[in-house]
Amino acid sequence: MNIITADKKQSRRTFLYLWILIALLALLVCATYTWFSLSTRPRVSSMEMYISSGAGLELAKTYDAPDSEWGQEIDGGSIIGENVSLKPATWSESKQKLIAVNYGTDGRITDVSSELEDTADANRPDGYYALGTFYARTDQSCKVSLAEAVAVNGGENASGTYVIGTPVWNIETILHDDGGSGAESAVRFGFKLTQINPATGEDISDSVMFIYEPNSDKHTGGETGYIPTPSIDGTDTLSPRLITQSASLWTDTYPVQREVILHTPGKFDSTPMLFSVKAGEIYKIQLYIWLEGQDADCTNDIRDAMILANIGFKTDYSGQTGLEEIPQN
């Protein structure tokens with residue numbers, strides 16, 4: 001007959017409680033590490049971007065550029081820099097700023113509401129977002145919107161507005177890998193539009209910010225359909241001026257060719273209208289690019305991602321003038 005004394009029972013309880021405490025601490029450490037890892041690792045380290053406009057709308061890198069420097073194309077790298085680095089941030093409509101977290105030297109979060117200022121160091125290699133400025137003008141009144149993406153040459157090329165993960169040739173599998181790693185679904189493009197005085201470059205209208213969300217129905221977890229991105233301001237979406245687009249995809253050709261892929265461009269799910277401009281007016285376009293930290297697809301899967309963006313502007317001659325009135329939610 002085994003006799004268990006009160007002291008032995010107490011010792012076993014103490015031992016059991018100690019193991020439960022150790023297990024809880026282990027779970028807490030794992031959860032904490034996951035949170036910090038999720039906050040620090042997703043990033044875009046490489047991005048190619050091309051900007052073009054439709055007939056009648058001219059673009060330039062400075063508002064007072066000579067006529068010879070106004071045209072229908074701008075090299076994205078020339079305005080946002082060649083070494084673009086994006087890390088998780090989020091747009092605050094109420095503050096009209098991007099918000100990010102700050103990290104200490106140990107990688108831990110020290111501040112979750114740091115406002116990112118519109119300064120040149122936004123483009124530094126360890127920065128959160130890219131910011132580039134260019135200008136648009138026309139010689140006759142027209143509406144300006146983002147151009148719908150279309151396949152060209154049987155899908156070998158595409159034009160218009162779309163974002164994809166960069167196809168990376170894998171010599172071992174004799175196929176292309178998706179270098180985007182999901183970043184093409186979590187990235188955002190903000191267009192801050194302001195009319196300026198053509199003579200002085202000074203702002204003569206309030207600024208209006210539109211947010212373009214590409215690949216809005218494509219998700220790293222395999223889900224399909226649009227998932228709204230909540231705002232840090234407590235609203236259901238980031239902005240009342242949100243332009244969403246279904247997924248733009250690429251596939252290998254058959255037979256596979258190293259230099260050729262086939263595009264299937266996405267379609268806009270909401271109106272891509274931006275602004276209207278009169279003959280002789282000039283609009284400043286500040287282009288913000290960031291990795292949206294509130295997006296469901298901003299995960300560790302992104303890591304050192306590479307994406308390719310094509311931004312196209314379409315013109316529609318209708319005689320409309322000025323920034324469009326924005327309906328509020």
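At 22% relative accessibility, Gly 201 counts as partly exposed, a class that lies between buried (under 20% relative accessible area) and exposed (over 50%), as judged with a 1.4 Å probe and protein chains only. The model is a predicted one, in which local features need pLDDT of at least 70 and side-chain atom pairs count only at pLDDT 80 or more, while totals for chains, interfaces and linings use all residues. Residues are numbered from 1 along each chain as its sequence is written, and side-chain values use heavy atoms, with hydrogens and water left out.

Gly 201 sits in the loop that runs between β14 (187-196) and β15 (208-213); strands here are DSSP runs of E with at least two residues, helices are runs of H or I with at least four, and both are numbered from the N terminus. Leaving aside residues up to four places away in sequence, Gly 201 touches Tyr 63 and Ile 196, where contact means heavy atoms within 4.5 Å. Lys 284 is 83 residues from Gly 201 in sequence, yet their C-alpha atoms are 8.8 Å apart in space.

Gly 56 belongs to the loop between β1 (43-53) and β2 (57-60) and, because its relative accessibility is 28%, counts as partly exposed. Its contacts, not counting residues up to four places away in sequence, are with Gln 72, Arg 137, Thr 138, Asp 139 and Tyr 317. From Gly 56 to Gly 71, 15 residues along the chain, the C-alpha separation is 9.6 Å.

Turning to the chain as a whole, there are three helices and 21 strands. Of its 329 residues, 45% count as buried. Among contacts with a separation of 6 or more, 72% join residues 24 or more positions apart.

Finally, a word on confidence. The average pLDDT (the predictor's confidence in each residue, from 0 to 100) is 81 for the chain, with 76% of the residues scoring at least 70. Residues 22-40 have pLDDT below 50, and this stretch makes 15 contacts in the model beyond near neighbours in sequence. Residues 325-329 also have pLDDT below 50, with eight such contacts. Where pLDDT is low, the predicted coordinates should not be read in detail.
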